[in-house]
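Hi,

Here is the structure I promised to pass on to you. Please open it next to this email and follow along as you read.

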Amino acid sequence: MVKVSLKDGVNWVGVVDWNIRDFHGYTTKRGSSYNAYLILDEKIALVDTVKAAFCQELIEHISELTTLDKIDYIVVNHVEMDHSSSLPVIAKLAKNAKILATARGKEELIKHFGTEFERVEVVKSGDKINLGKKTITFMEAPMLHWPDSMFTYLIEDKILLPNDAFGQHLASYERFDDEVDPQILMEEAKTYYANILTPFSPLIVKKIQEVVAMKLPIDIIAPSHGIIWRKDPMKIVNTYMDLCTGKTVKQKAIVVFDTMWGSTDKMARAIGEGLASQGFEVKLLKLRATDNTDIVTEIVDAKIVLVGSPTLNNGMFPSASSFLTYIGGLKPKGKLWGFFGSYGWGGGATRGMIKMAKEAGFDVMESSIELKWVPTAEELKKCFEFGQETAQKIKA
Ligand code: FEO
(Lines give C-alpha, C1' and ligand atoms only; values in the text may rest on other atoms or scores of the structure.)
Protein backbone atom coordinates (compact mmCIF):
# COMPACT_ATOMS: atom_id res chain seq x y z
CA MET A 1 0.00 0.00 0.00
CA VAL A 2 1.18 3.52 -0.68
CA LYS A 3 1.78 5.04 2.74
CA VAL A 4 -1.00 7.45 3.70
CA SER A 5 0.30 9.89 6.28
CA LEU A 6 -1.93 12.48 7.95
CA LYS A 7 1.01 13.95 9.85
CA ASP A 8 4.36 12.54 10.89
CA GLY A 9 3.63 9.27 12.72
CA VAL A 10 -0.11 9.31 12.04
CA ASN A 11 -1.11 6.93 9.27
CA TRP A 12 -4.29 5.73 7.63
CA VAL A 13 -4.26 1.92 7.61
CA GLY A 14 -7.89 1.34 6.61
CA VAL A 15 -9.40 -0.37 3.60
CA VAL A 16 -11.48 0.73 0.62
CA ASP A 17 -14.69 -1.20 -0.06
CA TRP A 18 -15.20 -0.46 -3.74
CA ASN A 19 -18.15 -2.75 -4.28
CA ILE A 20 -20.49 -2.26 -1.35
CA ARG A 21 -23.83 -1.03 -2.65
CA ASP A 22 -26.06 -1.81 0.32
CA PHE A 23 -24.96 -0.58 3.72
CA HIS A 24 -27.75 -1.89 5.97
CA GLY A 25 -30.31 -0.51 3.55
CA TYR A 26 -28.44 2.70 2.65
CA THR A 27 -27.59 2.51 -1.05
CA THR A 28 -23.88 3.27 -1.27
CA LYS A 29 -23.59 3.87 -4.99
CA ARG A 30 -20.00 5.06 -4.71
CA GLY A 31 -18.79 2.35 -2.31
CA SER A 32 -17.18 3.20 1.00
CA SER A 33 -14.08 2.82 3.13
CA TYR A 34 -13.45 1.70 6.69
CA ASN A 35 -10.80 4.00 8.06
CA ALA A 36 -8.43 2.88 10.79
CA TYR A 37 -5.50 4.98 11.99
CA LEU A 38 -2.13 3.90 13.37
CA ILE A 39 -0.26 6.35 15.59
CA LEU A 40 3.44 5.60 15.86
CA ASP A 41 5.38 7.05 18.77
CA GLU A 42 7.33 5.51 21.66
CA LYS A 43 4.06 3.71 22.17
CA ILE A 44 1.78 2.69 19.33
CA ALA A 45 -1.99 3.13 19.14
CA LEU A 46 -4.44 1.76 16.62
CA VAL A 47 -7.70 3.67 16.39
CA ASP A 48 -10.57 1.48 15.15
CA THR A 49 -10.42 -1.60 12.96
CA VAL A 50 -12.37 -2.56 9.83
CA LYS A 51 -15.13 -4.88 8.62
CA ALA A 52 -14.17 -8.53 9.15
CA ALA A 53 -14.06 -9.35 5.43
CA PHE A 54 -11.14 -6.92 5.11
CA CYS A 55 -9.26 -7.96 8.25
CA GLN A 56 -6.32 -9.45 6.35
CA GLU A 57 -5.89 -6.23 4.39
CA LEU A 58 -5.83 -4.24 7.64
CA ILE A 59 -3.19 -6.61 9.05
CA GLU A 60 -1.07 -6.09 5.91
CA HIS A 61 -1.40 -2.31 6.14
CA ILE A 62 -0.38 -2.30 9.82
CA SER A 63 2.45 -4.76 9.15
CA GLU A 64 4.01 -2.36 6.64
CA LEU A 65 4.56 0.04 9.55
CA THR A 66 5.01 -2.18 12.61
CA THR A 67 4.32 -5.65 13.93
CA LEU A 68 1.00 -6.16 15.63
CA ASP A 69 2.55 -7.34 18.89
CA LYS A 70 4.11 -3.89 19.24
CA ILE A 71 0.72 -2.17 19.41
CA ASP A 72 0.19 -0.77 22.91
CA TYR A 73 -3.37 0.49 22.58
CA ILE A 74 -6.38 -0.31 20.46
CA VAL A 75 -8.97 2.45 20.70
CA VAL A 76 -12.52 1.41 19.89
CA ASN A 77 -14.37 4.60 19.04
CA HIS A 78 -17.50 2.69 18.02
CA VAL A 79 -18.62 -0.94 18.23
CA GLU A 80 -20.73 -1.18 15.08
CA MET A 81 -19.53 -4.14 13.02
CA ASP A 82 -18.11 -2.10 10.14
CA HIS A 83 -15.47 -0.83 12.59
CA SER A 84 -15.11 -3.66 15.05
CA SER A 85 -15.81 -7.01 13.41
CA SER A 86 -12.11 -7.64 12.80
CA LEU A 87 -11.29 -6.65 16.38
CA PRO A 88 -11.38 -10.23 17.77
CA VAL A 89 -8.63 -11.24 15.31
CA ILE A 90 -6.62 -8.02 15.75
CA ALA A 91 -6.90 -8.22 19.55
CA LYS A 92 -5.41 -11.73 19.47
CA LEU A 93 -2.50 -10.66 17.26
CA ALA A 94 -1.93 -7.42 19.19
CA LYS A 95 -1.61 -9.46 22.34
CA ASN A 96 0.19 -6.73 24.30
CA ALA A 97 -2.36 -4.05 23.55
CA LYS A 98 -4.75 -2.54 26.02
CA ILE A 99 -8.18 -2.13 24.45
CA LEU A 100 -9.87 1.17 25.26
CA ALA A 101 -13.55 2.01 24.89
CA THR A 102 -16.32 3.88 26.70
CA ALA A 103 -18.26 2.04 29.43
CA ARG A 104 -21.08 1.41 26.95
CA GLY A 105 -18.50 0.35 24.38
CA LYS A 106 -17.11 -2.27 26.75
CA GLU A 107 -20.61 -3.62 27.43
CA GLU A 108 -21.33 -3.80 23.70
CA LEU A 109 -17.99 -5.45 22.87
CA ILE A 110 -18.64 -8.20 25.42
CA LYS A 111 -22.12 -8.78 24.03
CA HIS A 112 -20.86 -8.77 20.43
CA PHE A 113 -17.69 -10.82 20.81
CA GLY A 114 -17.71 -12.58 24.18
CA THR A 115 -16.14 -12.45 27.59
CA GLU A 116 -12.59 -12.12 26.27
CA PHE A 117 -13.53 -8.43 25.99
CA GLU A 118 -13.80 -8.18 29.77
CA ARG A 119 -10.18 -7.02 29.32
CA VAL A 120 -11.34 -3.72 27.79
CA GLU A 121 -10.33 -0.70 29.85
CA VAL A 122 -12.93 2.02 30.13
CA VAL A 123 -12.03 5.59 29.17
CA LYS A 124 -14.14 8.69 29.60
CA SER A 125 -14.12 12.27 28.33
CA GLY A 126 -10.91 14.06 29.20
CA ASP A 127 -8.83 10.95 29.92
CA LYS A 128 -5.38 11.20 28.33
CA ILE A 129 -2.92 8.57 27.14
CA ASN A 130 0.67 9.62 26.64
CA LEU A 131 2.35 7.85 23.73
CA GLY A 132 5.71 9.68 23.97
CA LYS A 133 5.69 12.92 22.04
CA LYS A 134 2.03 12.49 21.23
CA THR A 135 -0.95 12.46 23.56
CA ILE A 136 -4.39 11.13 22.75
CA THR A 137 -7.53 12.15 24.58
CA PHE A 138 -11.16 11.14 24.37
CA MET A 139 -14.56 12.74 24.08
CA GLU A 140 -17.61 10.61 24.68
CA ALA A 141 -20.24 11.24 22.02
CA PRO A 142 -23.23 9.15 23.10
CA MET A 143 -25.86 8.63 20.39
CA LEU A 144 -23.61 9.99 17.66
CA HIS A 145 -24.78 7.62 16.57
CA TRP A 146 -24.67 4.70 19.04
CA PRO A 147 -24.62 4.85 22.84
CA ASP A 148 -20.94 3.85 22.84
CA SER A 149 -19.71 6.41 20.30
CA MET A 150 -16.55 8.33 21.13
CA PHE A 151 -14.19 10.81 19.44
CA THR A 152 -10.43 10.51 19.82
CA TYR A 153 -8.30 13.66 19.61
CA LEU A 154 -4.56 13.82 19.01
CA ILE A 155 -3.51 16.83 21.04
CA GLU A 156 -0.11 17.76 19.54
CA ASP A 157 -1.10 16.84 15.99
CA LYS A 158 -4.47 18.62 16.28
CA ILE A 159 -6.26 15.71 14.61
CA LEU A 160 -9.83 14.77 15.46
CA LEU A 161 -10.87 11.14 14.84
CA PRO A 162 -14.67 11.37 15.23
CA ASN A 163 -15.49 7.92 13.85
CA ASP A 164 -18.83 7.98 11.97
CA ALA A 165 -19.39 11.74 12.35
CA PHE A 166 -18.35 13.82 9.30
CA GLY A 167 -17.93 10.68 7.16
CA GLN A 168 -19.10 9.81 3.68
CA HIS A 169 -19.63 6.54 1.86
CA LEU A 170 -17.15 7.19 -0.91
CA ALA A 171 -14.59 4.70 -2.21
CA SER A 172 -11.42 6.31 -3.49
CA TYR A 173 -7.69 5.77 -3.70
CA GLU A 174 -7.38 9.45 -2.85
CA ARG A 175 -7.72 9.96 0.87
CA PHE A 176 -7.91 13.74 1.33
CA ASP A 177 -10.46 16.43 0.55
CA ASP A 178 -8.00 18.35 -1.63
CA GLU A 179 -7.57 15.29 -3.87
CA VAL A 180 -11.17 14.51 -4.81
CA ASP A 181 -13.99 16.23 -6.69
CA PRO A 182 -15.40 18.65 -4.08
CA GLN A 183 -18.92 18.43 -5.47
CA ILE A 184 -19.05 14.63 -5.17
CA LEU A 185 -17.50 14.83 -1.72
CA MET A 186 -20.10 17.27 -0.39
CA GLU A 187 -22.92 15.36 -2.11
CA GLU A 188 -21.86 12.14 -0.36
CA ALA A 189 -21.35 13.94 2.96
CA LYS A 190 -24.92 15.27 2.74
CA THR A 191 -26.32 11.83 1.79
CA TYR A 192 -24.46 10.31 4.75
CA TYR A 193 -25.80 12.92 7.17
CA ALA A 194 -29.33 12.54 5.79
CA ASN A 195 -29.43 8.76 6.02
CA ILE A 196 -27.48 8.16 9.22
CA LEU A 197 -27.39 11.23 11.39
CA THR A 198 -30.66 13.13 10.81
CA PRO A 199 -32.34 11.81 13.98
CA PHE A 200 -29.40 12.97 16.08
CA SER A 201 -29.26 16.54 14.75
CA PRO A 202 -29.86 18.26 18.13
CA LEU A 203 -27.09 16.15 19.70
CA ILE A 204 -24.73 16.99 16.84
CA VAL A 205 -25.32 20.71 17.35
CA LYS A 206 -24.64 20.30 21.08
CA LYS A 207 -21.47 18.29 20.48
CA ILE A 208 -20.14 20.79 17.93
CA GLN A 209 -20.85 23.65 20.34
CA GLU A 210 -19.08 21.72 23.09
CA VAL A 211 -15.99 21.17 20.92
CA VAL A 212 -15.98 24.81 19.78
CA ALA A 213 -16.21 25.96 23.41
CA MET A 214 -13.17 23.81 24.24
CA LYS A 215 -11.25 25.86 21.63
CA LEU A 216 -9.50 22.74 20.39
CA PRO A 217 -7.30 23.57 17.46
CA ILE A 218 -8.22 21.21 14.64
CA ASP A 219 -5.96 20.80 11.61
CA ILE A 220 -7.50 17.56 10.37
CA ILE A 221 -10.79 15.73 10.82
CA ALA A 222 -10.34 12.07 9.97
CA PRO A 223 -13.63 10.17 10.03
CA SER A 224 -14.10 6.41 9.87
CA HIS A 225 -15.64 6.42 6.38
CA GLY A 226 -14.48 8.11 3.21
CA ILE A 227 -12.31 11.15 2.76
CA ILE A 228 -10.20 12.93 5.38
CA TRP A 229 -10.80 16.67 5.82
CA ARG A 230 -7.44 18.50 5.89
CA LYS A 231 -7.81 21.36 3.42
CA ASP A 232 -10.63 23.02 5.31
CA PRO A 233 -11.86 20.86 8.21
CA MET A 234 -14.31 23.56 9.32
CA LYS A 235 -16.16 23.23 6.02
CA ILE A 236 -17.74 19.94 7.07
CA VAL A 237 -18.37 21.19 10.62
CA ASN A 238 -20.19 24.26 9.28
CA THR A 239 -22.07 22.13 6.76
CA TYR A 240 -23.27 19.87 9.59
CA MET A 241 -24.37 22.91 11.61
CA ASP A 242 -26.33 24.19 8.61
CA LEU A 243 -27.92 20.79 7.95
CA CYS A 244 -28.76 20.18 11.62
CA THR A 245 -30.31 23.59 12.16
CA GLY A 246 -32.26 23.65 8.88
CA LYS A 247 -30.22 26.48 7.37
CA THR A 248 -29.96 24.67 4.02
CA VAL A 249 -33.75 24.44 3.71
CA LYS A 250 -35.11 26.34 0.71
CA GLN A 251 -38.34 26.84 -1.25
CA LYS A 252 -38.23 23.27 -2.42
CA ALA A 253 -40.91 20.60 -2.60
CA ILE A 254 -40.51 16.88 -3.09
CA VAL A 255 -43.31 14.83 -4.61
CA VAL A 256 -42.73 11.16 -3.82
CA PHE A 257 -45.11 8.71 -5.42
CA ASP A 258 -45.73 5.30 -6.84
CA THR A 259 -48.23 4.37 -9.49
CA MET A 260 -50.04 1.27 -10.73
CA TRP A 261 -51.66 2.27 -14.04
CA GLY A 262 -50.54 5.86 -14.26
CA SER A 263 -53.29 7.72 -12.36
CA THR A 264 -51.17 8.64 -9.34
CA ASP A 265 -48.37 9.55 -11.76
CA LYS A 266 -50.72 12.03 -13.49
CA MET A 267 -51.73 13.43 -10.11
CA ALA A 268 -48.09 13.83 -9.07
CA ARG A 269 -47.30 15.78 -12.25
CA ALA A 270 -50.27 18.12 -11.82
CA ILE A 271 -49.46 18.68 -8.13
CA GLY A 272 -45.80 19.30 -9.04
CA GLU A 273 -46.84 21.93 -11.58
CA GLY A 274 -49.02 23.60 -8.96
CA LEU A 275 -46.08 23.80 -6.56
CA ALA A 276 -43.76 25.07 -9.30
CA SER A 277 -46.27 27.76 -10.29
CA GLN A 278 -45.67 29.27 -6.83
CA GLY A 279 -41.92 29.53 -7.36
CA PHE A 280 -40.96 26.30 -5.63
CA GLU A 281 -38.11 24.13 -6.86
CA VAL A 282 -39.90 20.80 -7.36
CA LYS A 283 -38.64 17.25 -7.73
CA LEU A 284 -40.86 14.32 -8.62
CA LEU A 285 -39.36 11.08 -7.35
CA LYS A 286 -41.01 7.81 -8.23
CA LEU A 287 -40.67 5.06 -5.67
CA ARG A 288 -39.24 1.83 -7.17
CA ALA A 289 -37.31 4.07 -9.58
CA THR A 290 -35.51 6.06 -6.88
CA ASP A 291 -33.75 4.70 -3.81
CA ASN A 292 -35.08 5.72 -0.42
CA THR A 293 -31.48 6.85 0.23
CA ASP A 294 -31.67 9.48 -2.51
CA ILE A 295 -35.20 10.55 -1.63
CA VAL A 296 -34.20 11.20 1.97
CA THR A 297 -31.21 13.26 0.80
CA GLU A 298 -33.50 15.41 -1.37
CA ILE A 299 -35.92 15.92 1.53
CA VAL A 300 -33.25 17.31 3.87
CA ASP A 301 -33.40 20.80 2.32
CA ALA A 302 -37.07 20.78 1.28
CA LYS A 303 -39.98 22.53 3.00
CA ILE A 304 -42.76 20.39 1.56
CA VAL A 305 -43.06 16.64 1.06
CA LEU A 306 -46.11 15.30 -0.75
CA VAL A 307 -46.50 11.54 -0.97
CA GLY A 308 -48.81 9.71 -3.38
CA SER A 309 -49.83 6.09 -3.67
CA PRO A 310 -52.47 4.09 -5.45
CA THR A 311 -54.62 1.82 -3.31
CA LEU A 312 -53.70 -1.83 -3.46
CA ASN A 313 -55.81 -4.31 -1.51
CA ASN A 314 -57.31 -1.51 0.61
CA GLY A 315 -53.91 -0.13 1.59
CA MET A 316 -50.95 1.79 0.26
CA PHE A 317 -48.39 0.39 -2.14
CA PRO A 318 -45.62 -1.56 -0.31
CA SER A 319 -43.07 0.92 -1.71
CA ALA A 320 -44.91 3.81 0.00
CA SER A 321 -45.02 1.88 3.24
CA SER A 322 -41.30 1.10 3.00
CA PHE A 323 -40.48 4.76 2.34
CA LEU A 324 -42.64 6.01 5.23
CA THR A 325 -41.13 3.43 7.59
CA TYR A 326 -37.63 4.53 6.61
CA ILE A 327 -38.23 8.26 6.83
CA GLY A 328 -40.39 7.81 9.93
CA GLY A 329 -37.28 6.53 11.71
CA LEU A 330 -35.10 9.38 10.45
CA LYS A 331 -37.71 12.00 11.45
CA PRO A 332 -36.46 15.04 9.50
CA LYS A 333 -37.84 18.13 11.22
CA GLY A 334 -39.58 21.22 9.88
CA LYS A 335 -41.34 19.82 6.79
CA LEU A 336 -44.98 20.11 5.80
CA TRP A 337 -46.36 16.73 4.74
CA GLY A 338 -49.32 16.09 2.46
CA PHE A 339 -50.80 12.99 0.84
CA PHE A 340 -52.64 12.03 -2.30
CA GLY A 341 -53.60 8.93 -4.23
CA SER A 342 -55.96 7.08 -6.50
CA TYR A 343 -58.18 4.05 -6.07
CA GLY A 344 -60.61 1.81 -7.92
CA TRP A 345 -63.57 0.82 -5.79
CA GLY A 346 -62.48 1.67 -2.25
CA GLY A 347 -59.72 3.98 -1.05
CA GLY A 348 -57.30 3.33 1.77
CA ALA A 349 -53.81 4.31 0.66
CA THR A 350 -54.09 7.98 1.58
CA ARG A 351 -55.73 7.24 4.93
CA GLY A 352 -53.01 4.69 5.74
CA MET A 353 -50.18 7.06 4.79
CA ILE A 354 -51.61 9.90 6.86
CA LYS A 355 -51.82 7.55 9.86
CA MET A 356 -48.18 6.49 9.45
CA ALA A 357 -46.97 10.07 9.05
CA LYS A 358 -48.87 11.25 12.12
CA GLU A 359 -47.48 8.37 14.15
CA ALA A 360 -43.99 9.45 13.06
CA GLY A 361 -44.74 12.91 14.48
CA PHE A 362 -44.76 14.70 11.12
CA ASP A 363 -46.61 17.96 10.53
CA VAL A 364 -49.40 16.61 8.31
CA MET A 365 -51.82 18.83 6.36
CA GLU A 366 -55.50 18.26 7.07
CA SER A 367 -56.33 18.41 3.35
CA SER A 368 -55.45 15.51 1.08
CA ILE A 369 -56.61 14.47 -2.35
CA GLU A 370 -57.79 11.04 -3.43
CA LEU A 371 -59.61 10.22 -6.66
CA LYS A 372 -61.27 7.28 -8.36
CA TRP A 373 -59.87 5.40 -11.36
CA VAL A 374 -58.39 7.76 -13.97
CA PRO A 375 -58.26 11.51 -13.27
CA THR A 376 -60.43 13.74 -15.44
CA ALA A 377 -59.23 17.15 -16.64
CA GLU A 378 -61.28 18.71 -13.85
CA GLU A 379 -59.68 16.45 -11.25
CA LEU A 380 -56.20 17.22 -12.54
CA LYS A 381 -57.02 20.90 -12.15
CA LYS A 382 -57.87 20.14 -8.51
CA CYS A 383 -54.49 18.40 -8.15
CA PHE A 384 -52.76 21.48 -9.60
CA GLU A 385 -54.64 23.63 -7.09
CA PHE A 386 -53.71 21.26 -4.27
CA GLY A 387 -50.04 21.83 -5.14
CA GLN A 388 -50.61 25.55 -5.45
CA GLU A 389 -52.43 25.83 -2.12
CA THR A 390 -49.80 23.75 -0.33
CA ALA A 391 -47.08 26.08 -1.57
CA GLN A 392 -49.15 29.10 -0.54
CA LYS A 393 -49.51 27.71 3.00
CA ILE A 394 -45.73 27.71 3.34
CA LYS A 395 -45.34 31.12 1.74
CA ALA A 396 -47.94 32.54 4.11
FE1 FEO B 1 -19.69 3.22 10.47
FE2 FEO B 1 -21.99 3.28 12.97
O3 FEO B 1 -20.71 2.54 11.85
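About 30 Å³ of space lies in the largest cavity of this predicted model. The count of cavities of 30 Å³ or more comes to 1. Around the largest cavity you will find Phe23, His24, Glu80, Asp82, His145, Asp164, His169, Tyr192, Ile196 and His225. That lining divides into 3 nonpolar, 4 polar and 3 charged residues.

Next, have a look at strand β19, which covers residues 304-312. Of its 9 residues, 8 are buried. Strand β17 (residues 252-257) runs parallel to β19, joined to it by 5 bridges, and here isoleucine 254 stands opposite valine 305. Strand β21 (residues 336-343) is also parallel to β19, with 7 bridges between them; valine 307 has phenylalanine 339 in β21 as its bridge partner. Strand β20 (residues 315-316), by contrast, runs antiparallel to β19 and is joined to it by 2 bridges, with leucine 312 opposite glycine 315. The hairpin of β19 and β20 has 2 residues between the strands, and asparagine 313 there takes a positive phi near 50°.

Is threonine 264 buried or exposed? It counts as buried, because its relative accessibility is 0%. Its side chain makes a polar contact of 2.8 Å with the side chain of serine 342. Leaving aside neighbours within four places in sequence, threonine 264 is in contact with several residues, including Phe257, Gly308, Ser309, Pro310 and Phe340.

Enjoy exploring!

Best wishes

Technical notes
Residues numbered from 1 in each chain as written. Predicted model: local features only at pLDDT ≥ 70, side-chain atom pairs only at ≥ 80, totals over all residues. Heavy atoms only, no water. 1 Å grid on protein atoms, 1.4 Å probe; cavity = no way out; pocket = protein on both sides within 12 Å on 5 of 7 lines; lining within 4 Å. Points joined across faces, edges and corners; volume = space filled by probe spheres on them. Nonpolar A, V, L, I, M, F, W, Y, C, P; charged D, E, K, R; others polar. Buried < 20%, exposed > 50% of the residue type's maximum accessible area, 1.4 Å probe, protein only. Polar contact = N/O pair within 3.5 Å; in protein donor to acceptor, adjacent residues only side chain to side chain. Contact = heavy atoms within 4.5 Å. Helix = DSSP H or I, 4+ residues; strand = E, 2+ residues; numbered from the N terminus. Pairing = 2+ DSSP bridges.
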